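Q: Hey, I just opened this one and have never looked at it before. Can you walk me through a few spots?

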Amino acid sequence: MSTNQLNIAADGSVEDSKGRVILFGVERFFEQIVEGNCCFICGVSPNTAIFNDEHVLPDWMLRRYELHSRLMCLPNRTESQYKHFKLPCCKDCNSLMGATFEKPLREMFHLGYSGFTKALEEKGPAYLFDWLALLFLKMHLKDKNIRMNRDPRKGNQLISAMHDWEELHHIHCISRRFFTGLQLDPSAAGSLLVLPAKTQPHIENFDFLDLDLGQTILLRIDDVAILATLNDHCAGATVLLDRLRAIEGPLSPLQLRELAALLAFVNINLSPRPRFCSELDQMTGYGRIRGDDTFEFTLPQFDNEEFGRLLYHLCEDFLTPGATDSLKKNVMSGR
């Protein structure tokens, strides 16, 4: 980050001497990003800069797997084509995101699992974590323009009203690190897994899901599977450590969905909740995002039925239309 002096606003927002927003205070985040139409990265208004559309999922990904006309399930249980998943973004930030993430990651995924993991060792896990936080944020910001009910006679409430935007403020801070230069302290990181995925002629080579309540994301590209929980202080990876150590080969799509359900389940039931903050030195400009180094968590007794409902929610689209009631009950039993 620049060593220029920082300016701190009354709401806690921080700007550098050039007026760049290094940190959005919660109030400004709500006003300009959640409820406003400013660039979700730099905060510039469309009245003062050139804007264009940023794909929520990278366009190279949509083209490679012919997803533009495919349907994605929305939180209101309706569907929309992938090609409509776009957000307005200023031209400069759009170009910077492409150079920082989309082009390098496209090349990394083309290397396959072994090449991807080797390249990731050089870049560091925080690089991938930042990108996943960005995907998660964009997925939720797009809900600002989608009604809960497609029929306007049933009300105009937006899907975005379902989201906990104070929780997503932390994700916003992480997703902007490529712009702000803030450091990510290990205490502020969440669970991040990169695992080998099965590839067979009958298995589709792409999968994606994000779970709002558990702040969990799953992305599978060919033989590379990535799972992350963005705000659990690595609790999920810690709880599942023995299970992860037992993995000896590539995982099927259902096994990966089960791991995503487990990560989300741990995060949903985490007590107490992890707390995060951004620290900045007003004179030097150095800043970091950190968590509580003394954080300790406890989990309640494992509830099979609660986990089963979550598992069924994430795996329902894998069940054939003719799936028996007993099969559905077995999945929902959580056993």
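Q: How many bridges are there between strand β2 and β3, and in which sense do they pair?
A: Keep in mind that this is a predicted model. Strand β2 (residues 14-15) pairs with β3 over two bridges, in the antiparallel sense.

Q: And which residue in β3 is the bridge partner of V14?
A: That's L23.

Q: What's the order of the strands in that open sheet?
A: The order is β1-β2-β3, three strands with antiparallel pairing. The edge strands are β1 (7-8) and β3 (21-23), each of which pairs on one side only.

Q: OK, new topic: H169. Where does H169 lie?
A: H169 is in helix α6, which covers residues 165-175.

Q: Is H169 buried or exposed?
A: Buried, because its relative accessibility is 13%, and the cut-off for buried is under 20%.

Q: What does H169 touch, leaving out residues up to four places away in sequence?
A: H169 touches F24, G25, V26 and F29. With F24 there's also a polar atom of the H169 side chain that sits 2.6 Å from the backbone oxygen of F24.

Q: How do the axes of helix α5 and α6 cross?
A: The axis of α5 (residues 125-141) comes within 8 Å of the α6 axis, and they cross at roughly 135 degrees. That angle is why α5 counts as oblique to α6. On the α5 side, the contact is made by residues including F129, L137 and L141, and on the α6 side by residues including W165, L168 and I171.

Q: Which hand does the crossing have?
A: α5 passes α6 in a left-handed crossing.

Q: Let's jump to β12. Is strand β12 enclosed or open?
A: β12 (residues 224-229) is largely enclosed by the rest of the structure, because six of its six residues are buried. Both faces are covered, with V224, I226 and A228 buried on one side and A225, L227 and T229 buried on the other.

Q: Which strand do six bridges join to β12, running antiparallel?
A: One is β9 (residues 191-196), joined to β12 by six bridges and running antiparallel. P196 has V224 of β12 as its bridge partner.

Q: How many residues are between β11 and β12 in their hairpin?
A: Two residues, and D222 in the turn has a positive phi of about 55 degrees.

Methods: Residues numbered from 1 in each chain as written. Predicted model: local features only at pLDDT ≥ 70, side-chain atom pairs only at ≥ 80, totals over all residues. Heavy atoms only, no water. Helix = DSSP H or I, 4+ residues; strand = E, 2+ residues; numbered from the N terminus. Buried < 20%, exposed > 50% of the residue type's maximum accessible area, 1.4 Å probe, protein only. Polar contact = N/O pair within 3.5 Å; in protein donor to acceptor, adjacent residues only side chain to side chain. Contact = heavy atoms within 4.5 Å. Pairing = 2+ DSSP bridges. Axes fitted to C-alpha atoms, helices over the stretch in contact; angles between N-to-C directions. Parallel < 35°, antiparallel > 145°, perpendicular 65-115°, else oblique. Left-handed = near helix turned anticlockwise from the far one by under 90°.
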